Amino acid sequence: MNQNLINRAQELRNHGFTTGEIADELNVSMDTAQWLTLQRKEETVEAEAPVDIAINWNSLGGSASRLRYVAAALSDIALKHGDLDLVLGIATSGVPFATMMADVIEELTGTTTCLSIFHPKKHRTNPTNSDEGAISNNFGTVEGKKIVVVDDVITSGDTITDVIKVVKDHGGEPVVVTVLIDKSGLKEVDGVPVESLIKVSQLR
(Lines give C-alpha, C1' and ligand atoms only; values in the text may rest on other atoms or scores of the structure.)
Protein backbone atom coordinates (compact mmCIF):
# COMPACT_ATOMS: atom_id res chain seq x y z
CA MET A 1 0.00 0.00 0.00
CA ASN A 2 1.23 3.46 -0.86
CA GLN A 3 3.10 5.17 2.01
CA ASN A 4 1.59 8.53 0.97
CA LEU A 5 -1.88 7.06 1.54
CA ILE A 6 -0.82 5.84 5.00
CA ASN A 7 0.59 9.27 5.85
CA ARG A 8 -2.56 11.03 4.60
CA ALA A 9 -4.82 8.73 6.65
CA GLN A 10 -2.79 9.40 9.78
CA GLU A 11 -2.85 13.16 9.17
CA LEU A 12 -6.64 13.02 8.90
CA ARG A 13 -6.85 10.98 12.11
CA ASN A 14 -4.64 13.56 13.86
CA HIS A 15 -7.10 16.26 12.74
CA GLY A 16 -9.95 14.37 14.43
CA PHE A 17 -11.49 12.62 11.41
CA THR A 18 -13.46 9.45 12.20
CA THR A 19 -12.64 6.21 10.40
CA GLY A 20 -15.73 6.71 8.22
CA GLU A 21 -14.67 10.23 7.27
CA ILE A 22 -11.16 9.01 6.45
CA ALA A 23 -12.66 6.26 4.28
CA ASP A 24 -14.74 8.87 2.42
CA GLU A 25 -11.87 11.33 2.04
CA LEU A 26 -9.53 8.68 0.61
CA ASN A 27 -12.29 6.78 -1.25
CA VAL A 28 -11.40 3.47 0.39
CA SER A 29 -13.36 0.98 2.50
CA MET A 30 -13.76 1.35 6.27
CA ASP A 31 -11.47 -1.68 6.73
CA THR A 32 -8.77 -0.08 4.59
CA ALA A 33 -9.11 3.26 6.40
CA GLN A 34 -8.72 1.53 9.75
CA TRP A 35 -5.70 -0.42 8.50
CA LEU A 36 -4.08 2.76 7.15
CA THR A 37 -4.43 4.58 10.47
CA LEU A 38 -2.85 1.68 12.38
CA GLN A 39 0.35 1.67 10.30
CA ARG A 40 3.48 3.45 11.51
CA LYS A 41 4.86 6.28 9.39
CA GLU A 42 7.97 5.61 7.32
CA GLU A 43 8.25 1.99 8.48
CA THR A 44 7.90 -1.23 6.56
CA VAL A 45 4.32 -2.41 6.68
CA GLU A 46 4.13 -5.91 8.12
CA ALA A 47 0.40 -6.64 8.35
CA GLU A 48 -1.29 -7.41 5.06
CA ALA A 49 -3.49 -4.62 3.74
CA PRO A 50 -7.16 -5.28 2.93
CA VAL A 51 -7.91 -5.82 -0.74
CA ASP A 52 -9.08 -2.43 -1.98
CA ILE A 53 -8.61 0.16 -4.70
CA ALA A 54 -7.96 3.78 -3.73
CA ILE A 55 -9.73 6.30 -5.96
CA ASN A 56 -8.41 9.82 -6.53
CA TRP A 57 -10.78 12.16 -8.34
CA ASN A 58 -9.05 15.42 -7.41
CA SER A 59 -9.01 16.56 -11.04
CA LEU A 60 -12.83 16.63 -10.91
CA GLY A 61 -13.26 17.95 -7.38
CA GLY A 62 -11.01 20.92 -8.02
CA SER A 63 -13.11 22.24 -10.89
CA ALA A 64 -16.74 23.39 -10.68
CA SER A 65 -17.18 23.09 -14.45
CA ARG A 66 -15.91 19.48 -14.46
CA LEU A 67 -18.17 18.64 -11.53
CA ARG A 68 -21.11 20.06 -13.49
CA TYR A 69 -20.28 17.88 -16.53
CA VAL A 70 -20.23 14.79 -14.30
CA ALA A 71 -23.47 15.93 -12.62
CA ALA A 72 -25.06 16.33 -16.06
CA ALA A 73 -24.06 12.78 -17.00
CA LEU A 74 -25.39 11.41 -13.70
CA SER A 75 -28.62 13.40 -14.18
CA ASP A 76 -29.08 11.93 -17.66
CA ILE A 77 -28.68 8.42 -16.22
CA ALA A 78 -31.07 9.15 -13.34
CA LEU A 79 -33.83 10.63 -15.51
CA LYS A 80 -34.08 7.49 -17.62
CA HIS A 81 -35.66 5.90 -14.52
CA GLY A 82 -38.56 8.40 -14.48
CA ASP A 83 -39.60 11.64 -12.84
CA LEU A 84 -37.59 12.90 -9.87
CA ASP A 85 -38.61 15.43 -7.20
CA LEU A 86 -35.56 15.40 -4.95
CA VAL A 87 -31.81 14.79 -5.14
CA LEU A 88 -30.37 13.29 -1.95
CA GLY A 89 -26.60 13.68 -1.61
CA ILE A 90 -24.63 11.48 0.77
CA ALA A 91 -22.28 13.57 2.90
CA THR A 92 -19.61 14.52 2.30
CA SER A 93 -18.47 13.73 -1.22
CA GLY A 94 -21.89 13.12 -2.75
CA VAL A 95 -23.14 16.61 -1.86
CA PRO A 96 -21.35 18.59 -4.61
CA PHE A 97 -22.69 16.21 -7.28
CA ALA A 98 -26.18 16.27 -5.75
CA THR A 99 -26.27 20.07 -5.61
CA MET A 100 -25.35 20.41 -9.26
CA MET A 101 -27.63 17.54 -10.27
CA ALA A 102 -30.63 19.27 -8.68
CA ASP A 103 -29.88 22.32 -10.83
CA VAL A 104 -29.32 20.27 -14.00
CA ILE A 105 -32.48 18.19 -13.50
CA GLU A 106 -34.49 21.37 -12.94
CA GLU A 107 -33.12 22.78 -16.21
CA LEU A 108 -33.82 19.59 -18.15
CA THR A 109 -37.33 18.95 -16.84
CA GLY A 110 -38.58 22.47 -16.14
CA THR A 111 -39.86 21.33 -12.74
CA THR A 112 -38.71 22.25 -9.24
CA THR A 113 -36.17 19.77 -7.89
CA CYS A 114 -35.46 19.75 -4.17
CA LEU A 115 -32.12 18.98 -2.52
CA SER A 116 -31.44 17.10 0.69
CA ILE A 117 -28.42 15.62 2.48
CA PHE A 118 -27.91 12.26 4.18
CA HIS A 119 -25.39 11.88 7.01
CA PRO A 120 -24.17 8.25 7.13
CA LYS A 121 -23.70 6.51 10.46
CA LYS A 122 -20.04 5.81 9.65
CA HIS A 123 -19.31 9.54 10.16
CA ARG A 124 -20.29 9.32 13.80
CA THR A 125 -17.60 9.09 16.47
CA ASN A 126 -18.93 5.69 17.52
CA PRO A 127 -20.88 4.27 14.56
CA THR A 128 -21.56 1.01 16.41
CA ASN A 129 -23.90 2.96 18.75
CA SER A 130 -25.94 4.27 15.80
CA ASP A 131 -28.65 2.17 14.16
CA GLU A 132 -28.73 4.23 10.98
CA GLY A 133 -27.76 7.47 9.30
CA ALA A 134 -29.90 10.61 9.28
CA ILE A 135 -31.45 12.98 6.77
CA SER A 136 -30.63 16.64 7.41
CA ASN A 137 -33.53 18.81 8.57
CA ASN A 138 -31.96 21.89 6.96
CA PHE A 139 -32.90 20.89 3.40
CA GLY A 140 -35.84 19.37 1.50
CA THR A 141 -37.95 16.67 3.14
CA VAL A 142 -38.03 13.24 1.49
CA GLU A 143 -41.63 12.42 2.41
CA GLY A 144 -43.77 11.85 -0.67
CA LYS A 145 -40.85 12.57 -3.02
CA LYS A 146 -39.39 10.52 -5.89
CA ILE A 147 -35.70 10.50 -5.09
CA VAL A 148 -32.34 9.99 -6.74
CA VAL A 149 -29.62 9.13 -4.21
CA VAL A 150 -26.15 10.44 -5.12
CA ASP A 151 -22.66 9.55 -3.93
CA ASP A 152 -19.16 9.65 -5.32
CA VAL A 153 -18.01 6.05 -4.68
CA ILE A 154 -19.69 2.82 -3.59
CA THR A 155 -17.22 0.60 -1.77
CA SER A 156 -19.16 -2.00 0.24
CA GLY A 157 -22.73 -0.83 -0.37
CA ASP A 158 -23.47 -0.48 3.37
CA THR A 159 -24.15 3.27 3.19
CA ILE A 160 -26.43 2.87 0.16
CA THR A 161 -28.37 0.12 1.95
CA ASP A 162 -28.72 2.40 4.98
CA VAL A 163 -29.89 5.43 3.01
CA ILE A 164 -32.49 3.41 1.07
CA LYS A 165 -33.95 2.09 4.34
CA VAL A 166 -34.02 5.53 5.99
CA VAL A 167 -35.63 7.16 2.93
CA LYS A 168 -38.36 4.52 2.82
CA ASP A 169 -38.91 4.80 6.58
CA HIS A 170 -39.43 8.56 6.11
CA GLY A 171 -42.04 8.11 3.37
CA GLY A 172 -39.79 8.78 0.38
CA GLU A 173 -39.62 6.75 -2.82
CA PRO A 174 -36.02 6.05 -3.87
CA VAL A 175 -36.13 5.69 -7.66
CA VAL A 176 -32.44 5.22 -8.46
CA VAL A 177 -28.96 5.49 -6.93
CA THR A 178 -26.29 7.22 -9.04
CA VAL A 179 -22.57 7.25 -8.30
CA LEU A 180 -19.42 8.33 -10.03
CA ILE A 181 -17.54 5.07 -9.30
CA ASP A 182 -18.85 1.67 -8.20
CA LYS A 183 -16.25 -0.62 -6.62
CA SER A 184 -18.83 -3.14 -5.37
CA GLY A 185 -20.59 -4.25 -8.56
CA LEU A 186 -24.05 -3.55 -7.10
CA LYS A 187 -26.92 -3.62 -9.59
CA GLU A 188 -29.68 -2.83 -7.09
CA VAL A 189 -30.38 -2.37 -3.39
CA ASP A 190 -33.78 -3.39 -2.00
CA GLY A 191 -35.30 -3.09 -5.47
CA VAL A 192 -33.70 0.29 -6.24
CA PRO A 193 -31.39 0.24 -9.30
CA VAL A 194 -27.78 1.39 -8.86
CA GLU A 195 -26.18 3.24 -11.79
CA SER A 196 -22.57 4.40 -12.08
CA LEU A 197 -20.44 6.24 -14.61
CA ILE A 198 -17.51 3.92 -13.89
CA LYS A 199 -17.44 0.36 -12.56
CA VAL A 200 -14.20 -0.94 -11.08
CA SER A 201 -13.63 -4.70 -11.21
CA GLN A 202 -10.80 -6.44 -9.48
CA LEU A 203 -9.29 -9.33 -11.41
CA ARG A 204 -7.98 -12.15 -9.26
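Author: Two strands pair if DSSP finds at least two bridges between them. Keep that in mind for this predicted model.

Reader: How do you know that β6 and β7 pair, then?

Author: Strand β6 (residues 188–189) and β7 share 2 bridges, in the antiparallel sense. The cut-off is at least two, so they count as paired. Glu-188 sits opposite Pro-193 in β7. The two strands make a hairpin with 2 residues between them, and Asp-190 in the turn has a positive phi of about 50 degrees.

Reader: And what joins β5 to β7?

Author: There it's 5 bridges, with the strands running parallel. β7 covers residues 192–199, and its Lys-199 has Asp-182 standing opposite.

Reader: Why is Val-70 called buried?

Author: Its relative accessible area is 9%. Buried means under 20%, so Val-70 qualifies. Val-70 belongs to helix α5.

Reader: Which residues does Val-70 touch, leaving out those up to four places away in sequence?

Author: Leu-60, Phe-97, Leu-180 and Leu-197. Take Phe-97: 27 residues away from Val-70 in sequence, yet the C-alpha atoms are 7.6 Å apart. Beyond its own neighbours within four places, Phe-97 also contacts Trp-57, Leu-67 and Asp-152, among others.

Reader: What makes Phe-97 stand out in the largest nonpolar core?

Author: Phe-97 is one of the residues that touch the most other members, along with Trp-57, Val-87, Met-101, Val-148, Val-150 and Leu-180. A second, separate core of 19 residues includes Leu-86, Val-163, Val-177 and Val-194.

Methods: Residues numbered from 1 in each chain as written. Predicted model: local features only at pLDDT ≥ 70, side-chain atom pairs only at ≥ 80, totals over all residues. Heavy atoms only, no water. Core = buried A, V, L, I, M, F, W, Y, C linked by side-chain atoms within 4.5 Å. Buried < 20%, exposed > 50% of the residue type's maximum accessible area, 1.4 Å probe, protein only. Contact = heavy atoms within 4.5 Å. Helix = DSSP H or I, 4+ residues; strand = E, 2+ residues; numbered from the N terminus.
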